[in-house]
Amino acid sequence: MKIIAVIPARYEASRFPGKLMQILGNKTVIATTYGNVVETGLFDEVFVATDSEIIFKEIQNIGGKAMMTGNHETGSDRIAEAIENIECDIVINVQGDEPFLKLEPLQQLIEVFKNDEKEEISLASLKIKLTEKEEIENPNNVKVITDRNGFALYFSRSVIPFPRETSVTAEYFKHIGVYAFRKNALLNFAKLAMTPLEIAEKIECIRYLEYGMKIKMIETDFVGVGIDVPEDLEKARQILKNKLT
């Protein structure tokens, strides 16, 4: 089973343009993410897929592998273009703005496919429990609810589930935007038209659900930071500072 990682990387992010080229420690955010993914040793190859010459050159300058793609609305669509002619079985989509992703959650995703002898699962992703009210209500945190078998029912930037019944303590989970695809499933995904709920929420994995496909969610205790807005970059800098002291 050949397993590769691809990091989709746009320069013109809507909420924080140029965020992947911001400095984190002594490296850029995208260089930090790339280096951390390579250092896990889990992948046969690691690539950055980008439509930005700035990001392309940044990865080349650190001795990494980068591919230029066309313009795409989602990271998964970008990766699908990048891997179409690459021989592989499993593709892990690692977000470029998640610089501190660790080995264990990636191993968990890979194990989903190693244990799926009948090849019934085409896509898996990660979730982490939220407990702070501010984090639960933050629309930058995509929430996910699942069925009893751990398959996603819906993703939303709104609070789901809504705690109308106060006698029951609701649990909340944040979706960590790391996806593991079978190659064919990813190529098929990219052929599907964007869907109304996906467009409304700006959450690409809703497209899978709207077309009746299943997403296996794996709970992790990984705590990192996704860099969506400038305040997140400051959080990431503080995390890095704490690691070095």
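A pocket is an open set of points on a 1 Å grid over the protein atoms alone, with protein on both sides within 12 Å along at least five of seven lines. Its volume is the space filled by probe spheres set on the points.

The model is predicted: local features need pLDDT of at least 70, side-chain atom pairs count only at pLDDT 80 or more, and totals for chains, interfaces and linings use all residues. Residues are numbered from 1 along each chain as its sequence is written, and side-chain values use heavy atoms, without hydrogens and water.

The second largest pocket has a volume of about 240 Å³. It is lined by 13 residues (an atom within 4 Å of a point), and those closest to its centre are Thr32, Asn36, Phe100, Leu240 and Lys243. H1 and helix H9 (230-244) each supply at least two residues of this lining; helices are DSSP runs of H or I with at least four residues, strands runs of E with at least two.

Helix H2 (residues 53-61) has Ile55, Phe56, Glu58 and Ile59 as its buried residues, buried being under 20% relative accessible area and exposed over 50% (1.4 Å probe, protein chains only). Seen down the axis of H2, they fall within an arc of 160 degrees (directions from the axis to the C-beta atoms), so they line one face of the helix. Glu53 and Asn61 are exposed on the face turned away from the buried side. At the N-terminal end, Ser52 caps H2, with a side-chain oxygen 3.2 Å from the backbone nitrogen of Ile54.

| Residue | Location | Phi |
|---|---|---|
| Gly63 | following H2 | near 80 degrees |
| Gly150 | turn of the S8 and S9 hairpin | about 85 degrees |

How values were computed: Polar contact = N/O pair within 3.5 Å; in protein donor to acceptor, adjacent residues only side chain to side chain. Pairing = 2+ DSSP bridges. 1 Å grid on protein atoms, 1.4 Å probe; cavity = no way out; pocket = protein on both sides within 12 Å on 5 of 7 lines; lining within 4 Å.
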